[in-house]
Amino acid sequence: MIHTYKISGMHCASCVGRVQQALEGVEGVKKAIVSLTPPEAVVNMSHHLDTATLNRAVATTGAYSLTNEVAVINTMSATHEVSKPPVSQDEATTALSATTYKPLLLILVYLLGITVLAEVRSGGFNWMRAMSTFMAGFFLTFSFFKLLDIPGFASTYRMYDIVAKAMPGYGFVYPFIELALGIAYLSGWNPWITNAATLVVMGVSLIGVIQSVVNKRQIQCACLGAVFNLPMSTVTIFEDSLMMGMAGIMLWVM
């Protein structure tokens, strides 16, 4: 069953991470997705857990509280009204995933659309130029969301990135690295250095992402900064691998 709760006391991405970890540490909780805007927690349970139990768990990590359960999806009940057919666990999880990754999917669709339109306007389709345009848009867009809350991004990024763990200051610099790469791709500055830097930066980032996914760590992905609460998953692996693949292709063609 999936329950949705309102949460008070959260102010940043670090709060989101602490609350999510606390909820997922409660026995009987399969998965928890916590968001800052709106301040809610979607909790997938193997059996019913009362609000007080969950509230005690989040209270141990800070001045947070769960109140006002706003929705319930019961996937275990054996009796349902004819007009409301039962929702399977897979259907509930799929719906949750679709909602969670909607911002990321929309951004990728927009970037693909802009890339295709730019090629159409040029009078032909050049794959090298198209990849460069897409990567410019990718880095500029993703750096924008990170720059909205640099401390929040750095705090979340440090939870899984191997460099940020060793050097916390790297999380504060990383948004500007993406910004610089976006400008480099857009301006066409030294393609060899730009693509080589992309391979290194995204490759290092991918190591931490793979480790988190393999170890099944339920943490927030910082790809869109602290604005959206996206869980770490194979989607993040695909995202980093895609950028590395395009950079590698362009280097190979050179």
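Visitor: How many salt bridges does the structure hold?

Guide: Two. A quick caveat: this is a predicted model, where local features need pLDDT of at least 70, side-chain atom pairs count only at pLDDT 80 or more, and totals for chains, interfaces and linings use all residues. Residues are numbered from 1 along each chain as its sequence is written, and side-chain values use heavy atoms, with hydrogens and water left out.

Visitor: What makes arginine 129 and glutamate 119 a salt bridge?

Guide: The term asks for a side-chain nitrogen of Lys or Arg within 4 Å of a carboxyl oxygen of Asp or Glu. Here the N to O distance is 2.8 Å, so the pair qualifies. Arginine 129 sits in helix H5 and glutamate 119 in helix H4, 10 residues apart. Helices here are DSSP runs of H or I with at least four residues, strands are E runs of at least two, and both are numbered from the N terminus.

Visitor: What does glutamate 119 touch?

Guide: Not counting residues up to four places away in sequence, Gly124, Phe125, Asn126, Arg129 and Ala130. Contact means heavy atoms within 4.5 Å.

Visitor: How do you know that glutamate 178 and lysine 146 form a salt bridge?

Guide: Their closest N and O atoms are 3.1 Å apart, so they pass the cut-off as well. Glutamate 178 is in helix H8 and lysine 146 in helix H5, so this bridge ties together parts 32 residues apart in sequence. As for cover, glutamate 178 comes in at 3%, so it is buried, and lysine 146 at 2% is buried too.

Visitor: What makes Val116, Val120, Phe125 and Trp127 a patch?

Guide: Patch members have over 30% relative accessible area and no salt bridge; nonpolar side chains (Val, Leu, Ile, Met, Phe, Trp, Tyr) are joined within 5 Å, like charges within 9 Å. Take valine 116, in helix H4: its relative accessibility is 41%, so it clears the area threshold and is labelled partly exposed. Together the four nonpolar residues show about 460 Å² of accessible area, computed by the Shrake-Rupley method with a 1.4 Å probe, where for residues only the protein chains shown count as cover.

Visitor: What makes a set of residues a nonpolar core, and how many residues does the largest one have?

Guide: The members must be buried Ala, Val, Leu, Ile, Met, Phe, Trp, Tyr or Cys residues, joined through side-chain atoms within 4.5 Å. The largest such core has 37 residues, with Tyr157, Tyr160, Leu224 and Met243 making the most contacts inside it. H4, H5, H6, H7, H8, H9 and H10 each supply at least two of its residues, and H5 gives the largest share, eight. Apart from that core lies another of 22 residues, among them Met10, Ala22, Leu49 and Tyr64. As a rule, nonpolar side chains in soluble globular proteins tend to be buried together.

Visitor: How do you know that S2 and S3 pair?

Guide: Two strands pair if DSSP finds at least two bridges between them. S2 and S3 have six and run antiparallel, so they count as paired. One of the bridges joins serine 35 to glutamate 40 in S3. The strands form a hairpin with four residues between them. Why call S2 (residues 29-35) mostly covered? Because five of its seven residues fall in the buried class.

Visitor: What is phi of asparagine 190, and where is that residue found?

Guide: Phi is near 30 degrees, a positive value in a residue other than glycine. Most residues other than glycine have a negative phi, and most peptide bonds are trans. Asparagine 190 is in the loop between H8 and H9, and its relative accessibility of 32% means it is partly exposed.

Visitor: Which totals describe the chain as a whole?

Guide: There are 10 helices and six strands, and buried residues make up 44% of the 254 residues. The accessible surface is about 12800 Å², with 67% of that belonging to carbon and sulfur atoms.

Key
Buried means under 20% relative accessible area, exposed over 50%, partly exposed in between (1.4 Å probe, protein chains only).
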